[in-house]
Structures are given as C-alpha cells and as structure tokens.
Amino acid sequence: MLLMVFAFGIAIALGAEPTIPTINLSLSAPSSPKQLVTTLNIVVILTFLVLAPSLVLVMTSFTRLIIVFSFLRTALGTQQSPPTQILISLALVLTFFIMEPVAKQGYEAGIKPYMENKIGYDIAFQRGIKPFKDFMMKNTREKDLALFFRIRNLPNPQSVDDVPLSVLLPAFMISELKTAFQIGFLLYLPFLVIDMVVSSILMAMGMMMLPPVMISLPFKILIFVLVDGFNLLIGNLVASFK
C-alpha cells in the first residue's frame with residue numbers, strides 16, 4: 001500500500017497522468033469437477049483448522065490434565081502460582097506426549113494416503129479418526145457410553161466402528177471429568193490433613209486470629225517438593241491413560 005501511494009505521488013510530481021489499479025473480486029461457478037473438489041478440500045481444511053482447538057479439548061487427554069493441575073494449585077493454596085499459562089502449557093505438552101502415538105497412527109492410516117491421492121477424503125477421515133476413537137473408547141466408562149445411547153434410543157454397538165462419534169465425544173468428556181475429580185479428591189486429602197493439623201496446633205496455642213493457611217502453606221510446599229510431587233503426579237497421570 002505504501003509503495004502504491006509513493007508511486008502515485010511520483011506520477012503527480014512528474015506531471016504524468018496517474019493510473020490507479022483496480023481490484024476485482026468475483027465468484028464464479030467451477031468449470032470442472034476437479035476444480036470443485038479442490039475448492040471443497042480447501043473449505044474442509046479451513047473448517048478443521050477452526051475446530052482444531054476444540055478437538056484438542058474433547059478428543060485428547062487435555063481435559064483430565066488441566067483439571068488435575070487446577071486441583072493441585074487449589075490444594076496447595078498458592079493462589080496464582082504456578083500461573084494459569086504455565087499449567088495450560090504443561091497440560092498441552094503432556095497432551096502432545098500422550099497423543100503422539102495415536103496421532104501418528106491416524107497420519108499413517110488416513111492423512112498420508114490422502115495426500116498421495118490414494119484414497120478420498122471420506123475414507124481418509126474414517127481411517128484417521130479410528131485411532132482417536134480407540135483411545136477414547138479405552139478411557140470411556142461403559143456406563144457413560146450407555147447413557148448417550150439410551151438418550152438417542154440407539155441399539156447396542158457390536159464394535160468400535162458402530163459407535164458414532166457424536167455419541168462417543170460427550171461420553172468421553174464426562175468420563176474424563178469424573179476421573180479428574182477422583183484424582184483431585186485423592187490429591188486434596190494429604191494437604192487437607194496438613195491444614196487440619198496446623199489449625200489444631202494454633203487453636204491449642206490460643207492463636208485464634210492467625211490464619212492457619214498462612215502457616216500451613218510453607219509446610220505444604222516443602223512436603224510437595226521433598227516427595228518430588230510433580231514427578232509422582234505426572235508419572236501417575238500419564239500412566240492413568242489406557
């Protein structure tokens with residue numbers, strides 16, 4: 001744009017009649033089926049890029065990880081430390097670590113043959129999504145899956161291929177929420193015991209006005225560091241995925 005304005009100014013200074021370029025935006029019908037397929041492919045890719053952040057949340061291990069990390073920060077009572085950005089980044093890194101084998105299977109089975117023009121995009125989608133469906137099925141409770149089948153009045157599936165993605169996604173989400181809350185409860189217990197012990201000691205000493213959280217916070221951080229809490233927590237979190 002600056003170059004156009006600069007050239008327009010030089011033309012006026014030299015006394016030449018300036019010519020302003022025109023821009024035409026038009027929509028036309030595709031002239032061949034191949035052109036239509038190319039246009040549709042671009043639309044599908046753009047749609048996938050828009051939905052990619054949501055897919056990371058609902059089809060991977062991210063939900064369980066971020067909820068457990070939030071429980072950890074609340075149990076420690078450290079307010080905004082670690083910051084939310086750090087917890088989200090850690091959850092994303094672990095999600096990529098956990099989901100890498102699944103994504104690699106999907107790429108080899110669906111995306112790679114499609115890019116080599118060996119299969120169509122419909123078959124590529126079915127093959128590419130199958131490893132993710134297997135992952136979600138292994139980490140979804142049968143009770144949660146049966147709930148959405150009952151809501152939809154669908155017959156019982158005979159295999160993973162018979163489970164619609166629209167039914168599997170919400171079932172997987174509520175299963176992940178329940179598992180994350182169970183882990184969060186177990187994570188909360190030792191820190192709750194420390195708070196109760198400190199509170200009892202302060203009451204016995206007659207220090208009613210001193211907040212117990214202020215005294216227990218250093219002890220909770222010290223114990224968490226001494227037991228190498230992040231190593232234990234992340235190791236068990238990764239191992240909890242089937």
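Arginine 64 and glutamate 176 are both buried. In this predicted model, their side chains form a salt bridge, with an N to O distance of 2.6 Å. The bridge joins distant parts of the chain, since arginine 64 belongs to helix α3 and glutamate 176 to helix α7, 112 residues apart.

The chain that holds this pair has 9 helices and 0 strands, and its pattern along the sequence reads α-α-α-α-α-α-α-α-α. Of its 242 residues, 28% count as buried. Among contacts with a separation of 6 or more, 69% are between residues 24 or more positions apart. The accessible surface of the chain is about 16,700 Å², and carbon and sulfur atoms account for 71% of that surface.

The count of salt bridges in the model is 3. Besides the bridge between arginine 64 and glutamate 176, there is one between lysine 112 and glutamate 108, at 3.9 Å from N to O. Lysine 112 and glutamate 108 are 4 residues apart in helix α4, and therefore about one helical turn separates them. Lysine 112 has a relative accessibility of 34% and so counts as partly exposed. Glutamate 108, with a relative accessible area of 45%, is partly exposed.

Lysine 130 and aspartate 134 also meet through their side chains in a salt bridge, at 3.4 Å from N to O. This pair lies in helix α5, and because the two residues are 4 positions apart, they are separated by about one helical turn. Lysine 130 is partly exposed at 35% relative accessibility. Aspartate 134 has a relative accessible area of 23%; the cut-off for buried is under 20%, so aspartate 134 is classed as partly exposed.

Helix α5 leads on to its packing against helix α7. The axes of α5, residues 121–138, and α7 come within 11 Å of each other and cross at roughly 30°. The crossing of α5 past α7 is left-handed. On the α5 side the contact is made by Phe125, Ile129, Lys133, Phe135, Met136 and Met137, and on the α7 side by Leu165, Leu168, Leu169 and Phe172.

Further along α7, which spans residues 165–204, is leucine 186. Its relative accessibility is 57%, and because the cut-off for exposed is over 50%, leucine 186 counts as exposed. Leucine 186 is part of a nonpolar surface patch of about 510 Å², made together with Phe185, Leu189, Leu192 and Met196.

Threonine 95 is in helix α4, and with 1% relative accessibility it counts as buried. Apart from neighbours within four places in sequence, threonine 95 is in contact with Thr60, Ser61, Phe62 and Leu65. Threonine 78, by contrast, is in a loop, the one between α3 (62–76) and α4 (84–115). Its relative accessible area is 16%, and because that value falls under the 20% cut-off, threonine 78 is buried. Leaving aside neighbours within four places in sequence, the contacts of threonine 78 are Arg73, Leu217 and Ile221.

Most residues other than glycine have a negative phi. Asparagine 153, which is not glycine, has a positive phi near 55°. Asparagine 153 sits in the loop between α6 (142–152) and α7, and its relative accessible area of 67% makes it exposed. Aspartate 228 likewise has a positive phi, near 55°. Aspartate 228 is in the loop between α8 (212–226) and α9 (229–239). With a relative accessibility of 42%, aspartate 228 counts as partly exposed.

Technical notes
Residues numbered from 1 in each chain as written. Predicted model: local features only at pLDDT ≥ 70, side-chain atom pairs only at ≥ 80, totals over all residues. Heavy atoms only, no water. Patch = residues over 30% accessible without salt bridge, like charges linked within 9 Å, V, L, I, M, F, W, Y side chains within 5 Å. Areas by Shrake-Rupley, 256 points an atom, 1.4 Å probe, with all protein chains shown as cover. Salt bridge = Lys/Arg side-chain N within 4 Å of Asp/Glu carboxyl O. Buried < 20%, exposed > 50% of the residue type's maximum accessible area, 1.4 Å probe, protein only. Axes fitted to C-alpha atoms, helices over the stretch in contact; angles between N-to-C directions. Left-handed = near helix turned anticlockwise from the far one by under 90°. Contact = heavy atoms within 4.5 Å.
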